[in-house]
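Subject: Structure handover and notes

Dear colleague,

I am passing on the structure we spoke about, and below it you will find my notes on what came out of the analysis. Please read them with the coordinates open beside you.

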Amino acid sequence: MCRAVITGATGAIGTALVHELIQNDIDVVVICRKNSNRRDRIPQNGKVIIIEKDLSELLSIELTDVGEKQCDYFFHLAWQGTTGTARNDMYLQNENVRYTLDAIQLAKRLGCHLFVGAGSQAEYGRIEGKMNENTPVFPENGYGIAKLCAGQMGKEMAHQCGMRYIWVRICSVYGPNDGLQSMVISGIIKMLAGERASYTKGDQLWDYLYSKDAAKALALLAENECDGVFCLAGGDSRPLKEYIYQIRNQIDPRLVLGIGDIPYSEKQVMNLQVDISKIRDETGFEPMYSFEEGIKETVEWVESIKNKNN
């Protein structure tokens with residue numbers, strides 16, 4: 001029976017991945033930040049072990065902490081400073097690179113033969129046409145620079161440790177347990193409250209992927225003996241405003257949206273079209289959820305959180 005280790009298990013992809021692995025009869029070791037107020041998102045299941053350690057403490061974890069049974073896969077999803085001004089906090093982002101290397105050393109100690117790291121579309125910067133694994137990378141903020149550095153340094157270290165290595169450049173995942181500041185979740189919150197949700201003109205070509213599909217893709221990459229860099233998205237780009245209208249229509253078609261209220265930023269990414277043929281060819285991955293289906297579940301999750309807090 002396989003065992004997997006996950007950092008970042010309380011986010012949108014992480015929680016979906018825990019459920020995906022449990023369904024595949026894989027035991028899961030979750031490394032969760034101490035005193036996390038999101039710990040209750042981790043399933044209470046006999047197949048799940050929770051270790052409370054901060055990212056700065058990864059190297060203090062021993063095999064005895066996970067029950068002395070070696071692990072097979074290590075999914076490193078945790079990352080500090082993913083939103084707002086923190087994305088350009090260079091010292092903070094540099095810490096993330098070190099934590100990635102620490103996670104690889106821990107994976108080796110736990111007996112893992114595969115390390116999967118979460119990269120980002122931000123590694124590419126602004127491009128024209130469809131991005132793929134061979135598209136030149138030119139990140140334009142600290143977050144993207146650190147992701148690129150972690151991915152490249154991680155590859156060298158993982159291979160030195162004798163591990164298979166996968167770096168997944170993830171593009172615009174949404175779903176339950178996503179950050180409240182994300183465009184999708186923050187918009188849903190405002191719309192449910194009957195408030196005006198403000199956006200740019202929304203002409204950007206965007207490619208969204210539901211978190212359950214993202215988790216399925218990560219599991220398939222682990223199962224299929226893959227190695228290297230993979231782009232992960234839905235494979236279907238649309239103008240961003242079309243997604244926004246679909247969110248609105250799921251909640252209340254009568255709501256007035258603030259499309260165009262916010263000007264584009266100086267380095268606004270206008271094109272996020274993704275070629276996912278590599279992951280399709282090597283794993284057979286196909287997204288199962290339409291945006292409409294994923295948004296329905298996401299809205300229901302936001303409503304449940306709202307009702308819980310009232």
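The axes of α4 and α8 come within 10 Å and cross at roughly 65°, and the crossing of this pair is right-handed. Please bear in mind throughout that this is a predicted model. On the α4 side the residues that meet α8 are Val-184, Ile-185, Ile-188, Ile-189 and Leu-192, while α8 contributes Ile-295, Thr-298, Val-299, Trp-301, Val-302, Glu-303 and Lys-306. Sorted by class, the contact of α4 with α8 has nine nonpolar residues, one polar residue and two charged ones.

Helix α4 itself spans residues 183-192, and its buried residues are Val-184, Ile-185, Gly-187, Ile-188 and Met-191. Seen down the axis of α4, these buried residues fall within an arc of 165°, so they line one face of the helix. What do the buried residues of α4 pack against? Their partners are β8 (173-174), β9 (198-199), α6 and α8. Just after α4, Gly-194 takes a positive phi of about 75°.

Helix α8 also packs with α6, where residues 240-251 of α6 and residues 291-309 of α8 form the two helices, with an angle of about 50° between them and their axes 10 Å apart. That angle makes α6 oblique to α8. The crossing of α6 and α8 is right-handed, and the contact is made by Tyr-243, Gln-246, Ile-247, Gln-250 and Ile-251 of α6 together with Phe-291, Glu-292, Ile-295, Lys-296 and Val-299 of α8. By class, the contact of α6 with α8 has six nonpolar, two polar and two charged residues.

The crossing of α2 and α3 is right-handed. From α2, the residues Met-90, Gln-93, Val-97, Thr-100, Leu-101, Ile-104 and Gln-105 meet Gly-142, Tyr-143, Ala-146, Cys-149, Ala-150, Met-153, Gly-154, Met-157 and Ala-158 of α3. By class, this contact of α2 with α3 has eleven nonpolar residues, five polar ones and no charged residues.

Turning to backbone angles, most residues other than glycine have a negative phi, and two residues deserve a look with that in mind. Asp-25, which lies in the loop between α1 (12-23) and β2 (27-32), has a positive phi near 65° although this residue is not a glycine. Is Asp-25 buried, partly exposed or exposed? At 42% relative accessibility, Asp-25 counts as partly exposed. Ser-172, in the loop between β7 (164-170) and β8, has a positive phi of about 50°, again without being a glycine. At 14% relative accessibility, Ser-172 counts as buried.

Some individual positions remain. Pro-176 is found in the loop between β8 and α4, and this proline is buried, with a relative accessible area of 17%. Not counting residues up to four places away in sequence, Pro-176 touches Ala-12, Thr-15, Tyr-210, Ser-211, Glu-297, Thr-298 and Trp-301. Val-5, in strand β1 (residues 3-7), is buried with a relative accessible area of 0%. With sequence neighbours up to four places away left out, Val-5 touches Val-29, Ile-31, Cys-71, Tyr-73, Phe-74, Phe-75 and Leu-110. Val-5 and Arg-169 are 164 residues apart in sequence, and their C-alpha atoms are 19 Å apart in space.

Asn-134, by contrast, is exposed, with a relative accessible area of 71%, and its place is in the loop between β6 (130-131) and α3 (142-160).

Note on methods: Residues numbered from 1 in each chain as written. Predicted model: local features only at pLDDT ≥ 70, side-chain atom pairs only at ≥ 80, totals over all residues. Heavy atoms only, no water. Axes fitted to C-alpha atoms, helices over the stretch in contact; angles between N-to-C directions. Helix = DSSP H or I, 4+ residues; strand = E, 2+ residues; numbered from the N terminus. Parallel < 35°, antiparallel > 145°, perpendicular 65-115°, else oblique. Left-handed = near helix turned anticlockwise from the far one by under 90°. Contact = heavy atoms within 4.5 Å. Nonpolar A, V, L, I, M, F, W, Y, C, P; charged D, E, K, R; others polar. Buried < 20%, exposed > 50% of the residue type's maximum accessible area, 1.4 Å probe, protein only. Arc of directions from axis to C-beta.
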